[in-house]
Amino acid sequence: MDDLQRFLDDNGVTRVRVQGVQPDALLVGKILRPAAFVSAIESGVSLADFAFGTDRAGDPGLGYSSEWRSTVVGDIHLVPDVATLRLAPGVEGMATCFADAVDVEYRPIPLCGRGLVRRLSDRLEGEGFQARFAFEIEGQFFTKSFQDNRTNRWRNLEPFGVGGHLPYLAQDLHRLDGVMTEICGRLEALGVPWEAWNAEGAAGQFELNLSPADPVTAADHVLLVRQVCKEVAYERDMSVTFMAKVTEDYGNGLHVHHSLVGDDGPVFFDDTDPANLAQIARWWLGGLMATLPGCVSLMAPNPNSFRRMAPFLAVPTHVTWDFDNKSTALRVLTRSASSARIEHRVGAGDLHPHFAVAVTLAGGLAGLEGRLEPPPPFAKMAWGLPTGEGRPDPLPASMPAAWEALDADANLRRHLGDDLVDYWIGMRRFEWLSFHTSGGDPDAEGPTPWELDRYFETL
């Protein structure tokens, strides 16, 4: 505690932003005086429990509950994770800190992704392994401020940055360089290790690659990237979003790279295998393949997410894997021991990063425990395959199909827990119902005003 007080005093901290992550990946919390923050290390920060039980519009999800919720409107607590305490770059006197959500008895809330990932990581360590995760994050910049675009009801959005439709186009990167340099500098100050950024296929779209980290930290980093991008955009009278489908152009994805290490180092690589794929990796891959349909609900959480999941738009559409094949749902890389990993390419840009990590760990653990073998690799172009005999099964293409697949997946239920799965499915039904009854149009070719109002600023 003395070291904590010294950090606050030496850095002139006048306030600490404590933030947890609710189920729609929204950061929620409070700003505390330093003395109140020190007290909160033990007692936590009180929030009304509806912070974890409402949709993005603040409407309560009706028809389902859980033991951690009060029968009226009660409290939950955010317990600061002091290991994540950092000075907030660009804001004088502020520090920032992630927190875990617990109930009034200080028991972990099943919907707290940070706690869930930590518990699954402990199970993995019981098998003798640790996981490393890294994300590829896609988002889009637009001219005009959030307020101006909101006032204009998101009509006539003007992309900012590279305007071409060729991924990696470098000749116009100077348009993005000032913004991205500021963002990357702030990320470094927060301890978020970035590796590279580039222009992507949609106008105004960028991709930011992060270095590997432990599962909880890697997911935290995604939320910090979103937060920093929004702060920099706000300061420059611009706007940025990570919603899955902003225009009729290519959508935003969030690819999840991961690997396992044991006492002797990386375990996915085996140079005695013709494909360099270790048996541990085969079992892990088998579990991921078996749970792929069930994972989609957590990887594509809302109606806008599924606008991205269309044939021939660089998004997986079928239950497939292959070696170094970016058209399959799972891309396996085995060029060397140090770089051997699996890339999960299903995720939309709007996913909850801790849930994405959790469902990946859950699938892999199911594979290890059941010694599940994957089907043969699909060494063909996998985007937009026709259905028929001998073809891979399609991934769920709608919210109802996705939550039904999750509901039926015994492996994911066992590792994620019935509380999370049931509550998540209930909230997805509420989101789907809101879309269909309050302004969304499932037959529209592009995102509707309802989607832009609901997701542009909150993602």
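**Exercise 1.** At roughly what angle do the axes of helix α8 and helix α10 cross, and within what distance do they come?

*Ground rules.* We're working on a predicted model, where local features need pLDDT of at least 70, side-chain atom pairs count only at pLDDT 80 or more, and totals for chains, interfaces and linings use all residues. Residues are numbered from 1 along each chain as its sequence is written, and side-chain values use heavy atoms, with hydrogens and water left out.

*Solution.* 
- Step 1: find the pieces. Helix α8 covers residues 292-299 and helix α10 covers residues 353-370; helices are DSSP runs of H or I with at least four residues, strands are E runs of at least two, and both are numbered from the N terminus.
- Step 2: read off the geometry. The two axes come within 9 Å and cross at roughly 170 degrees. Axes here are lines fitted to C-alpha atoms, for helices over the stretch in contact, with angles from 0 to 180 degrees between N-to-C directions.
- Step 3: name the arrangement. α8 and α10 are therefore roughly antiparallel (under 35 degrees is roughly parallel, over 145 roughly antiparallel, 65 to 115 roughly perpendicular, the rest oblique).
- Step 4: list who touches whom. Cys295, Leu298 and Met299 of α8 meet Phe355, Ala356, Val359 and Thr360 of α10, contact meaning heavy atoms within 4.5 Å.
- Step 5: sort by class. That contact has 6 nonpolar, 1 polar and no charged residues (Ala, Val, Leu, Ile, Met, Phe, Trp, Tyr, Cys and Pro are nonpolar; Asp, Glu, Lys and Arg charged; the others, Gly among them, polar).

**Exercise 2.** Describe how helix α11 packs on helix α13.

*Solution.* 
- Step 1: α11 (residues 399-408) and α13 (residues 418-437) pack at about 170 degrees, axes 10 Å apart.
- Step 2: so α11 and α13 are roughly antiparallel too.
- Step 3: α11 brings Met399, Pro400, Trp403, Leu406 and Asp407, while α13 answers with Val421, Trp424, Ile425, Arg428, Arg429, Glu431 and Trp432.
- Step 4: the class tally is 8 nonpolar, no polar and 4 charged residues.

**Exercise 3.** Characterise the largest pocket.

*Solution.* 
- Step 1: its volume is about 840 Å³.
- Step 2: of 42 lining residues, Glu136, His255, His257, Glu343 and Arg345 lie nearest the centre.
- Step 3: β7 (130-142), β9 (205-210), β11 (254-262) and β15 (341-344) each supply at least two lining residues.
- Step 4: the lining splits into 18 nonpolar, 12 polar and 12 charged.

Methods: 1 Å grid on protein atoms, 1.4 Å probe; cavity = no way out; pocket = protein on both sides within 12 Å on 5 of 7 lines; lining within 4 Å. Points joined across faces, edges and corners; volume = space filled by probe spheres on them.
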